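Me: I'm new to this one. Can you walk me through it?
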Amino acid sequence: MYTARRDRSANATGLYRQIKAEFIKLKAAVNAGSDYNQEKNEAISSIKLLVEKALLATVVNYMNSAKTKINKDMPTDAEKIGAIHDLSECVGFVHGFKGIAQSNRKITDAQINQLLTYLNAPAGGSSTMYLFATEPATTIDGLDDARDYVQEIYGFTDAEMTDFNANWISAEGR
């Protein structure tokens, strides 16, 4: 569901459609037998990377949502709470990659640690995510740094990063 939310209908090459195409390739390779093990393994590798990218696209979405909520002159308590919730989702997704063997993901432990630091939730340290809500003037740039870092790691285009802001299922009524 998260992946479909990041995928605009007009984008025939979005992450959701890429994942779907790779699963179709995987199914065909499996059905064709052991002569197609290379194609099967390539599809599996591609699916792993695409799912990882889709989750990080969702992290970008949540970071942007949090920033929108707290980067106001007078955000309400509900907006502040919502922003911290969004950032907690980010931390959960990012930190969760540490439970996956490095051979099965692109993002390294060092990159995960850096992202968590940008989110004021350092690995093995005490979280200060609340500062985004209580001291946004001095912390908000960390979200931009995190967003830029994700873009750098995965090579997302500026257009993709902008598209990640939307929930395309809702926006397009599908």
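Me: How much of the protein counts as buried?
Reply: Of its 174 residues, 39% count as buried. Buried means under 20% relative accessible area, exposed over 50%, and partly exposed in between (1.4 Å probe, protein chains only). This is a predicted model: local features need pLDDT of at least 70, side-chain atom pairs count only at pLDDT 80 or more, and totals for chains, interfaces and linings use all residues. Residues are numbered from 1 along each chain as its sequence is written, and side-chain values use heavy atoms, with hydrogens and water left out.

Me: Which secondary structure does the protein have?
Reply: There are 10 helices and 0 strands. Both are DSSP runs, numbered from the N terminus: helices are H or I with at least four residues, strands are E with at least two.

Me: And what does the C-alpha trace span?
Reply: About 60 × 40 × 25 Å along the principal axes.

Me: New topic: where is there a patch of negative charge?
Reply: On the surface, where D141, D145, D148 and E152 gather. Asp and Glu count as negative, Lys and Arg as positive; His and the chain ends are not counted. Patch residues have over 30% relative accessible area and no salt bridge, and like charges are joined within 9 Å. A salt bridge is a side-chain nitrogen of Lys or Arg within 4 Å of a carboxyl oxygen of Asp or Glu.

Definitions and conventions
Patches are made of residues with over 30% relative accessible area and no salt bridge: like charges are joined within 9 Å, nonpolar side chains (Val, Leu, Ile, Met, Phe, Trp, Tyr) within 5 Å. Accessible areas come from the Shrake-Rupley method with a 1.4 Å probe; for residues, only the protein chains shown count as cover. The place of a charge is taken as NZ of Lys, CZ of Arg, CG of Asp or CD of Glu.
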